[in-house]
Amino acid sequence: MRPHERLESLGMPGAPSRHQDWGIEQSDPARVTEFLQFAINHEAIDPYEHELLADLVIQSVEDLLADQALTGEQEMLLLTWLNTRDRFPESWSYWRSLGCDDEPCLVSVYLDRASSG
C-alpha cells in the first residue's frame with residue numbers, strides 16, 4: 001500500500017503527504033461520523049497518517065460544534081477515538097495547547113474529558 005493510500009480512500013482532494021495542514025484544510029463537519037469511524041477502525045496506518053487524521057477529525061468536530069451539538073453517537077465515537085490519543089501525540093499536544101481566548105475551541109471540552117478519564 002502506498003503511503004497515505006488509506007487517507008486518500010476518504011476521497012478528498014490534495015495529497016496528504018504534501019500538505020502539513022491537510023487535515024485542517026479538508027475539514028468537513030458533515031462527515032464527522034464517517035471520519036470518526038474511519039479513525040477508530042484504522043489503527044494500522046503509519047504515525048504521520050494518524051497525525052493528519054487527528055487534525056481532520058478534531059477540526060471537523062470543532063466546525064460542527066460551531067453550529068450544533070454532537071449527536072449521542074458522535075459523542076460516543078469521539079470519546080472512544082480520543083482514548084487512542086497515543087496514536088497521535090503531536091496533534092494531541094497541539095490541540096490541547098491551544099488557548100481559547102482568541103478562538104472558540106469548542107472541542108476542548110471533549111479533550112479535557114478524555115484527559116481526565
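View 1. What you're looking at is a predicted model, where local features need pLDDT of at least 70, side-chain atom pairs count only at pLDDT 80 or more, and totals for chains, interfaces and linings use all residues. Residues are numbered from 1 along each chain as its sequence is written, and side-chain values use heavy atoms, leaving out hydrogens and water. As for confidence, pLDDT is the predictor's own score for each residue, from 0 to 100; its mean over the chain is 81, and 78% of the residues reach 70 or more.

**View 2. Helices from end to end.** The chain has seven helices and zero strands. Both kinds of element are DSSP runs numbered from the N terminus: helices are H or I with at least four residues, strands are E with at least two. Mean pLDDT is highest for α3, at 94, and lowest for α7, at 70. Now for contacts, which means heavy atoms within 4.5 Å: among those with a separation of 6 or more, 70% come from residues 24 or more positions apart.

**View 3. The largest nonpolar core.** A nonpolar core here is a set of buried Ala, Val, Leu, Ile, Met, Phe, Trp, Tyr and Cys residues joined through side-chain atoms within 4.5 Å. The largest one holds 31 residues, and Leu-10, Leu-53, Val-57, Val-61, Leu-78, Trp-81 and Leu-82 touch the most other members. Two or more residues each come from α3 (32-41), α4 (47-65), α5 (72-82), α6 (89-97) and α7 (108-116). Helix α4 is the top contributor, giving nine.

**View 4. Where α4 meets α6.** The axes of these two helices come within 8 Å and cross at roughly 35°; axes are lines fitted to C-alpha atoms over the stretch in contact, with angles running from 0 to 180 degrees between N-to-C directions. On the α4 side you'll find Glu-51, Ala-54, Asp-55, Ile-58 and Gln-59, and on the α6 side Pro-89, Glu-90, Ser-91 and Trp-95.

**View 5. Zooming in on Phe-35.** Phe-35 sits in helix α3 and counts as buried because its relative accessibility is 0%. Leaving aside residues up to four places away in sequence, Phe-35 touches Leu-10, Met-12, Asp-28, Leu-56, Val-57 and Ser-60.

Note on methods
Buried means under 20% relative accessible area, exposed over 50%, partly exposed in between (1.4 Å probe, protein chains only).
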